[in-house]
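Here is a walk through the structure shown below, taking the pocket and then the aromatic contacts.

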Amino acid sequence: MTTTLATSDLGRRGFLMGTALGATAVLASLACSVQAAGSPARRMPVIFIGHGSPMNAIADNPFTRRLAAWGRELPRPSAILSVSAHWLSRGATGVGVQERPKTIHDFGGFPQALFDVEYPAPGHPALAREAVDAVKQTPVIATDQWGLDHGTWTVLKHLYPKADIPVFQLSIDYDKSAAFHYAVGRDLAALRDKGVLVMGSGNVVHNLRATDRGTPDGPSASRPWAQSFDDAVKSALAGRDDRALVDYAKLEGAATAVAMPDHYYPFLYALGAAGSGERAKTVYEGFQSGTLSMRCLQFG
């Protein structure tokens, strides 16, 4: 889903919102300072999750069980910054500054049980505004237009089922290049030292017109182009060849595997936020619906 963020309109809205939330943000900042004085925030890792179908939110399968175990392995963050394939903007980058972001059911044709799921995690206006200031590539707009879309809550429901860790999202400006998204990820790395877990949520291989529905989940793709591209990404990651991953169109199978880059771009935010010396740890790999790469990664 694409949300247009008109810079002029949202700039005014962001100013008014800043006035309304000013006191709350100051109090939240003071609370963070007190916490930091007692126990300094540790540098958080960066993660990327291949989220696949929204149905994973209510599924019990090897992928969701691995997410649950991963959540127990990760250090507890002060907040989670999610870059989801499902918040696309045009001509601007937005950051959600809600105190209570809504659970967005941005899909159709699924069972009612999926629409009944809520993920009532709080937001973190103070850290969200720090994210606004951290990005140097482009002006970033504080907004309450969005919430937590299914790219975020369907995986956090397994990682952090209590929904007790603050979460805020950053939008993907779909008018910008892959190099831009990688660079914004580099800017967001500063938040890691404040205890923020930077999370990209998409899929390395994602082409819904070329899935094989009904194919059992498995370690290999049902089509050669999907396997070739996933393997190429894995190989580039092993050598931290970030340039090749940003210039992904030259990798084998890219034309079909990344027919549209919306689900690939969140991976670039995670890659950018990871230090150049941090190797990628593969947390999960495999395919759903034949060609959807569920590759999950951790840096740091």
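For sorting the residues of a lining, Ala, Val, Leu, Ile, Met, Phe, Trp, Tyr, Cys and Pro count as nonpolar, Asp, Glu, Lys and Arg as charged, and the others, Gly among them, as polar. The model is predicted. With those classes, the lining of the largest pocket divides into 13 nonpolar, 15 polar and 5 charged residues. The space in the largest pocket is about 740 Å³. It is lined by 33 residues, and Gly52, His206, Leu208, Arg213 and Leu292 are the closest to its centre.

The aromatic side chains come next. Ring pairs are counted when the centres lie within 6.5 Å, and the count comes to 10 aromatic pairs. In one of these, the rings of Phe107 and Phe110 have centres 5.5 Å apart and planes at 80°, so the pair is edge-to-face. Phe107 is buried, with a relative accessible area of 15%, whereas Phe110 is partly exposed at 29%.

Tyr174 and Tyr265 also form an edge-to-face pair, with 6.2 Å from centre to centre and 70° between the planes. Tyr174 lies in the loop between β8 (172-173) and α6 (178-188), and Tyr265 lies in helix α10 (residues 265-273), so the pair ties together parts that are 91 residues apart in sequence. Tyr174 is buried, with a relative accessible area of 15%, and Tyr265 counts as buried at 7% relative accessibility.

One aromatic cluster is formed by Phe48, Phe229, Tyr248, Tyr264 and Phe267. A further contact involves a charge and a ring: the charged end of Lys176 sits over the ring of Phe180, 5.3 Å from the ring centre.

Methods
Residues numbered from 1 in each chain as written. Heavy atoms only, no water. 1 Å grid on protein atoms, 1.4 Å probe; cavity = no way out; pocket = protein on both sides within 12 Å on 5 of 7 lines; lining within 4 Å. Points joined across faces, edges and corners; volume = space filled by probe spheres on them. Phe/Tyr/Trp six-rings, centres within 6.5 Å; stacked < 30°, edge-to-face > 60°. Buried < 20%, exposed > 50% of the residue type's maximum accessible area, 1.4 Å probe, protein only. Helix = DSSP H or I, 4+ residues; strand = E, 2+ residues; numbered from the N terminus. Lys NZ or Arg CZ within 6 Å of the ring centre and 35° of its normal.
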